[in-house]
4 protein chains.
Amino acid sequence: MTTIGHLINGEMVTDGSRSQDVFNPATGQAEKQVLLASKQTVEQAIASAQAAFPAWRNTPPIKRARVMFRFKELLEEHADHICKLIGQEHGKISHDAAGELQRGIENVEFACGAPQLLKGEHSRNVGPGIDSWSEFQPLGVVAGITPFNFPAMVPMWMFPLAIVCGNTFILKPSERDPSSTLYIAQLLKQAGLPDGVLNVVNGDKEAVDTLLTDPRIKAVSFVGSTPIAEYIYATANANGKRCQALGGAKNHAIVMPDADMDNAVNQLLGAAFGSSGERCMALSVAVAVGDEAGDALVTKMQNAMQGLSVGAYDNASNDFGPVITCQHKDKVNGYINSAEQQGASIVVDGRNPKVDGYDNGYFVGATLIDGVTAEMDSYKAEIFGPVLQVVRVKTMQEAMQLIDDHEYGNGTCIFTRDGEAARYFSDNIQVGMVGINVPLPVPVAYHSFGGWKRSLFGDLHAYGPDGVRFYTKRKTITQRWPSSGVREGVSFAFPS
Amino acid sequence: MTTIGHLINGEMVTDGSRSQDVFNPATGQAEKQVLLASKQTVEQAIASAQAAFPAWRNTPPIKRARVMFRFKELLEEHADHICKLIGQEHGKISHDAAGELQRGIENVEFACGAPQLLKGEHSRNVGPGIDSWSEFQPLGVVAGITPFNFPAMVPMWMFPLAIVCGNTFILKPSERDPSSTLYIAQLLKQAGLPDGVLNVVNGDKEAVDTLLTDPRIKAVSFVGSTPIAEYIYATANANGKRCQALGGAKNHAIVMPDADMDNAVNQLLGAAFGSSGERCMALSVAVAVGDEAGDALVTKMQNAMQGLSVGAYDNASNDFGPVITCQHKDKVNGYINSAEQQGASIVVDGRNPKVDGYDNGYFVGATLIDGVTAEMDSYKAEIFGPVLQVVRVKTMQEAMQLIDDHEYGNGTCIFTRDGEAARYFSDNIQVGMVGINVPLPVPVAYHSFGGWKRSLFGDLHAYGPDGVRFYTKRKTITQRWPSSGVREGVSFAFPS
Amino acid sequence: MTTIGHLINGEMVTDGSRSQDVFNPATGQAEKQVLLASKQTVEQAIASAQAAFPAWRNTPPIKRARVMFRFKELLEEHADHICKLIGQEHGKISHDAAGELQRGIENVEFACGAPQLLKGEHSRNVGPGIDSWSEFQPLGVVAGITPFNFPAMVPMWMFPLAIVCGNTFILKPSERDPSSTLYIAQLLKQAGLPDGVLNVVNGDKEAVDTLLTDPRIKAVSFVGSTPIAEYIYATANANGKRCQALGGAKNHAIVMPDADMDNAVNQLLGAAFGSSGERCMALSVAVAVGDEAGDALVTKMQNAMQGLSVGAYDNASNDFGPVITCQHKDKVNGYINSAEQQGASIVVDGRNPKVDGYDNGYFVGATLIDGVTAEMDSYKAEIFGPVLQVVRVKTMQEAMQLIDDHEYGNGTCIFTRDGEAARYFSDNIQVGMVGINVPLPVPVAYHSFGGWKRSLFGDLHAYGPDGVRFYTKRKTITQRWPSSGVREGVSFAFPS
Amino acid sequence: MTTIGHLINGEMVTDGSRSQDVFNPATGQAEKQVLLASKQTVEQAIASAQAAFPAWRNTPPIKRARVMFRFKELLEEHADHICKLIGQEHGKISHDAAGELQRGIENVEFACGAPQLLKGEHSRNVGPGIDSWSEFQPLGVVAGITPFNFPAMVPMWMFPLAIVCGNTFILKPSERDPSSTLYIAQLLKQAGLPDGVLNVVNGDKEAVDTLLTDPRIKAVSFVGSTPIAEYIYATANANGKRCQALGGAKNHAIVMPDADMDNAVNQLLGAAFGSSGERCMALSVAVAVGDEAGDALVTKMQNAMQGLSVGAYDNASNDFGPVITCQHKDKVNGYINSAEQQGASIVVDGRNPKVDGYDNGYFVGATLIDGVTAEMDSYKAEIFGPVLQVVRVKTMQEAMQLIDDHEYGNGTCIFTRDGEAARYFSDNIQVGMVGINVPLPVPVAYHSFGGWKRSLFGDLHAYGPDGVRFYTKRKTITQRWPSSGVREGVSFAFPS
């Protein structure tokens, strides 16, 4: 059985004390073992990153960027292998893994623009003969702690930008599906990154807590659930670190009566069930305004969902794969059960689907629930499964109130043809990422990703322009040169 | 005796339960009483700000900016009165108060540019037919907690920018010298600010803790000492608020052997003793490189300091005034005593100066201490008094190490004529605000103010471009319009 | 009879050789005389501006901006007098003059942000130990040549920004209505502008050609008709000057079948007839898509136009005033005649309206012409009068083709409720300023104004961010400091 | 003998009517023939670019950028071949060609950041319910006309950025050394650029004039000599095109008495003689301040120049190669002769050097001339050969006056250790690109390249941020949505 170790100072390290199974969620089999780093191993990684920092910091940004240019090439060259690793451990269908990887590569492409992104502001004559300018300097050693659901993309939201800004990095990927992350990190070494600049440690709470408390770590980026995000943020801050911690979500789409319903349904299929709904931007609630819209939506969704197929990652004709663990499968089913018990109507029932040849896989089929209300448990929680719930309201204002009352504020969407409705919605809704006829409004890599309310702890969003600010600190320099005689004096100071 | 209340929803409010004396530090007399807001009073202010938010948020930025244009005029018109209020309660000489006020006005001038500053980034065609853009929306109700040493300037680092970005504001100024702050806030009402957009509550820990825990407060800006800053930051964060908390400082100037020594001495006089050294950017340590530089510096400083005069605020020929309290005077003297006891040499002794007619004032004269070392208590602490300490080192590298080893990283300066030394220093020193022959490198209002290490808790610096980011949250909108038939279909949809 | 002279080096100058009548277009009476500057007088102004340049260039931007802050106050204080001067010479109704002035003031407000706007870009480590940054330095003496139709606003598109960027300025306003412009310039002197920084010369082609050929003039901004703009641009360029020359327009609104027709009509009234249509952004062609929309538009416009009133400037109940000259009145009437002769239908006829008490005024009433085609003379030309022509087309695509085929590309608008139509239109139309349900899409002062095709000659648009670039030249500095021994050597160079 | 044709619509085209020899300047042999495109051939290229424009314009910027990512890889892969082609036709030594190519690649790297660079500015609520934003749209078909001295780099200043901004491009490279340019263009096709987006036509004045007058060409970028630049600029402008035309230079270095003379000499060697001085940024005049500096400079230069070796491109131990043509060799020698005749002293004489095996090559050796004055012909003209002239002055002010009096203002440099002298120089000198101890202050690709005075005609500099602005036009959109009933009305419009 393969054993997955750590990448420290450019070398694969195996820290033998503790380990954990890595499962194939389509088969329910443990196929690999991941080592769980001890405090000492993490400290070794930190020491490596600390040692690599001074030289890397002083490397001109354009040279740092060129490592990213080469990294992009390697990622594209080895895309199939990366997607396969994702599929084996996460269960994501190959086309979905390819999409995830592409989104990650886009962050590498953005990082290639570092010289432009790191420009400071220069002011001549802030006072007579006085100039002032700002510089954005790297922080030092920074850490990233990333979730299982995007083992390639989310790490690449973080380390390419952090590194290109001059920092060195410790990445702690999810212990559920660490292989693709580790493989990617090795490609970056191959791209010419000096040893120690990027280190990967696999592990659990011991590793996380070491990262959160070691004074050499200057910043932490985290993506995961809200309770953990809150813990990470509080602990990192209490230990003098900069932190951005992205948590959970409950993303609603408002379906207006004037919406192009076929388009809306087509968009919702992917947004609700893609990657089994295990996305922080998954569209899990459709809010239909008026029963005419509601009826049309439910009928058309029900029809469209007939064509969806759940199965293993390596069959590209599948639409989505299993959920990540057996426990998680039970949890998702539990939410469907609770909705049923609390009075909602299970229009399409994905509980316990039959997937030939994968009887022990953690599969949940696409599920559509109508008649959901704000009081139901299935509405309040982030289910993180292939479940779309329909809430019916009478007015757009009511729909917006529902969204604003939810604790999360990650993404949201409105389906409409009407410019005014779209503008009012996008202006007023208390959500950080807003789609207009775009159900997964994930910002492109040159914008920034971040929710509001309890979906993000921190001032700055992830990646894009905000990412640059997060991974750098502002230094402001004010300069005046006293007349030293060199300029005026030369004619007599150095007589001919 | 005058009683100083609160400004809530545009009205002066007197909350009678508790109060505290406000002293004239030049005379040692309590001349006024400031009311200390109860939790209920603070909540009343928050409710007022909350109620004012929706309309203010929807007011176009240019209209919000015009209130600031008018506010600037009123500040200039009433400058003398503001400086007098500062002098009476803080003790600052009129010319120094005028300088402080001017720095505050510069932040109002910057706020006038809100429409430009609030621009988001727009991208056409992030994908085929898909556009995306960012907006910077206000947070809601935000709070500022400000220190005694700049009762006019530091509040104006905060509320003009916060308000012009569309937020409503609760200001809790220092209870030691609240009158000028309150007066300024009233001018902003006079400038046309709607009631409730800016509220001022005077108070102590009860008021502060109410601000830190009330869920309606979305962000807190703080300036004060490092222990309090740390408490504010942790508490605000734990309560789900954005926070920037600026703390203490120990600002060093390196005096290089090639420095223009007369210029350096001239600059240091103001930087070390201005405002009695009660500035977070006060230059309190001169690090002389080589004994030749050290000897020249000490001799020339000693001579120059003969001309300095300490006294009451209303005599413009004085260079600086008393410190803020009797206790603080004792503390400053205590540090001078300790330096003497620990082996340093008191070159110019400002302890217990004679100020005619002000026998009970809290005066400390300008003090120069030579032979200070990193181990002395007077070196480690922020004295916040008119005391300049000289440390002697052999090399520039040693000087830089000294600075980097100090817990604070607010401001620093190098005196040199040499471009290379200046560049190396500014690039490498671990301090947020760096001066080259500028001993008080306070960034101008269109740059941002912030220290590193334990001088600032938070990601974003104060005022300037960072201030705009602090007082707004990013929203990213992604838009696609499905072909709805309106564009293509009109010729047959509406036949003639 | 009042004689209007020049403002040179802070003094009013009367150059006696030549002059011209200034008429009140409501009465047809010549009420003032404007002096026409000789080449020598213009050169005197240039010399004054040249002499004032070095000191003004070296004045810190924030100090230059403060003159603009004060200027804004004075403009607001003297608004009524400025509007009266505009009314007397241009004929514009007082509320319209106030609107013009307000738009001018907005450019002054933008200019107040100069310190922010002039920031260059700073890059640390473009190579090892090498830094590079850009600065935006003033050009020197620059000139503005402005039209009669906005005697207050268009000059303020130019000189506030040019001056705040550090240039000195020669303004040649329209000789038809020079008084308000001259008065405004005097207010700027009163605001504290040093003598010589802004000079105003009245004149005709002799003055213009002097400005275009004098080597001391570094740039020319022009607004007027396209043939003159083309001449100005070619001549200025041939004489080594930077130039932006804004010319004519023919602004179309597409009225889609789904438009809110009452809103469209209401908007079109002001856009077509406001200021007698003498605006380069006047909406002069409505393109109705489908006859249903066309019929509704014409009927509703016809009704709404009953309420319009044409008359003298000082009666605020009038909607618009006379055109600028008797010759221009004849020209406008001539285009109406030609449309009639070429087969269009004059739905509302404004030729020779009766204005009691103003029998000799140059009045044309609001005119609506239906059935206009692209071949008609009245369609091809810029009429610059209160005439709205309706063209009927079958499809939106046909409407867009019509717009793209016209030689001008200044402004355009679409009336629709449909997001997709609006997006397609704004993306593809070959026009520089696009309105979506906004018939006068004049960019606000913090964006920039400029048409495409033959509506603008030059690379950069007027005012706003482009204005800053137009009035400055980029300097790029690259800096490396050889190790000079000062930094490393001090320990032994200056032994203790 | 190889015949060099054109690249039109993705195909190599041979237009047979006229051709011209392409020489190897090291041997003096014509080794290839380049075809000279007729008007018809150029028009064919324009038609191809015009046809390719609509689809390319609508391709999302990120997809356009990805062609550039791939292009960079191919350029690196084929670097040796490109350098060989440069060497054969231009004569540049391989290491110098590699440096040129690298500078070109840096512009491709910058172009990869297109999505970030093309962002417009978005303003919510410019008025109540009104939004406004800017977009930077491509111009259409644009042309580049490039010089012999950088056959790889200068074209890559232009077409990568123009193309990534959405334009299609016609490149007319120098007919003296067209092969490397053509080869590079073919690599871009290989990188995935659609046919017709980049076309290369070889030719002479007929081709140039076709590009300058054809109405389908929207903009022209040119680099060459000042008289031609002036012609290009005037002709392009007169034909309604945007133009930037970069011309000649005479770049001075001030050598201050405090300069690190060994460093200065070392820098000057490459800056004066690299690429045989055939660079518009070549440092051709050293201005020594004080005779002590002058004597030291001349002596050290004379010594250092002993080590320089001139020869053929394929011997990497050579420092520089031949000049471009026999005529040009005679011209350079003529300037040396004239300096001698007019009283200057030829310290190192490079006329007619002996290069074994290359008796017919166009070689001029490194030449140092002392005692040059502003009146000499050799001082006034741009020699464009390996000739460094030394002018001696008494003061820095005198040195600056000399620079400011020269007609050109491309690059300049100061050698000093003194911060104040450097600051004064860089602030005040009337030159667009300023070096501080950097004798070839060519801005990096993410800044912009441009001289002042008669070194550049146009408003915007080449490449970098200005390049983006040059290759795009600003569109400003203002949007208001009338309340259409969709938002408010749904509850009763679609009753349940």
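Reader: Which residue of chain B comes closest to the rotation axis?

Author: In this predicted model, D459(B) holds that position, with its C-alpha at 3.5 Å from the axis. As a general idea, two copies of a chain are related by a rotation about an axis and a shift along it. Here, chain B is superposed on chain A by a rotation of 180° with 0.0 Å of shift along the axis, and the RMSD is 0.0 Å. The two copies also use the same surface, since 100% of the contact residues of chain B recur in chain A.

Reader: What rotation and shift superpose chain C on chain D?

Author: The rotation is 180° and the shift along its axis is 0.0 Å, with an RMSD of 0.0 Å. The two copies are therefore related as by a two-fold rotation axis. The C-alpha of chain C nearest that axis belongs to D459(C), at 3.5 Å.

Reader: How is the area buried between chain C and chain D to be read?

Author: One reads the total together with the atoms that supply it. The total is about 5,200 Å², and carbon and sulfur atoms give 47% of it. H447(C), D459(C) and R474(C) supply 14% of the area that chain C buries against chain D, more than any other three residues. One of these, D459(C), is also the residue whose C-alpha is nearest the axis in chain C.

Reader: How many salt bridges and polar contacts does the rule find across the interface of chain C and chain D?

Author: There are eight salt bridges across this interface. In one of them, R242(C) is joined to D459(D), and the closest N and O atoms are 3.8 Å apart; that distance falls within the 4 Å limit for a salt bridge. Polar contacts link 40 residue pairs across the interface, counting pairs with both residues at pLDDT 80 or more.

Reader: Turning to the fold within a chain, what is the strand order of the open sheet of three strands in chain C?

Author: In chain C the order is 1-5-4, and the pairing is mixed. Strand 1 (2–4) and strand 4 (18–24) are the edge strands, each pairing on one side only. From one strand to the next, the twist averages 35°. Strand 4 and strand 5 (residues 29–36) of chain C run antiparallel and are joined by seven bridges. Within this sheet, Q20(C) stands opposite V34(C) of strand 5.

Reader: Which helix of chain C lies across strand 1, strand 4 and strand 5?

Author: Helix 3 (residues 79–90) of chain C does so, and it runs at about 100° to strand 4 of chain C.

Reader: In what order do the three strands of the open sheet in chain A stand?

Author: The order in chain A is 1-5-4, with mixed pairing. The edges are strand 1 (2–4) and strand 4 (18–24) of chain A, and the twist averages 35° from one strand to the next. Seven bridges join the antiparallel strand 4 and strand 5 (residues 29–36) of chain A. As an example of a bridge, V22(A) has K32(A) in strand 5 as its partner.

Conventions:
Residues are numbered from 1 along each chain as its sequence is written. Chains are lettered from A and ligands numbered from 1 in the order in which they are written. This is a predicted model: local features need pLDDT of at least 70, side-chain atom pairs count only at pLDDT 80 or more; totals for chains, interfaces and linings use all residues. Side-chain values use heavy atoms; hydrogens and water are left out. Two strands pair if DSSP finds at least two bridges between them. Helices (H or I, at least four residues) and strands (E, at least two) are DSSP runs, numbered from the N terminus. Axes are lines fitted to C-alpha atoms, for helices over the stretch in contact, and angles run from 0 to 180 degrees between N-to-C directions. Copies are superposed by least squares on the C-alpha atoms of residues with pLDDT of at least 70 in both. Contact means heavy atoms within 4.5 Å. Buried area is the accessible area (1.4 Å probe) that two parts lose on being put together, summed over both. A salt bridge is a side-chain nitrogen of Lys or Arg within 4 Å of a carboxyl oxygen of Asp or Glu. A polar contact is a pair of N or O atoms within 3.5 Å; within protein, one must be able to donate a hydrogen and the other to accept it, and residues adjacent in sequence count only if both atoms are side-chain atoms.
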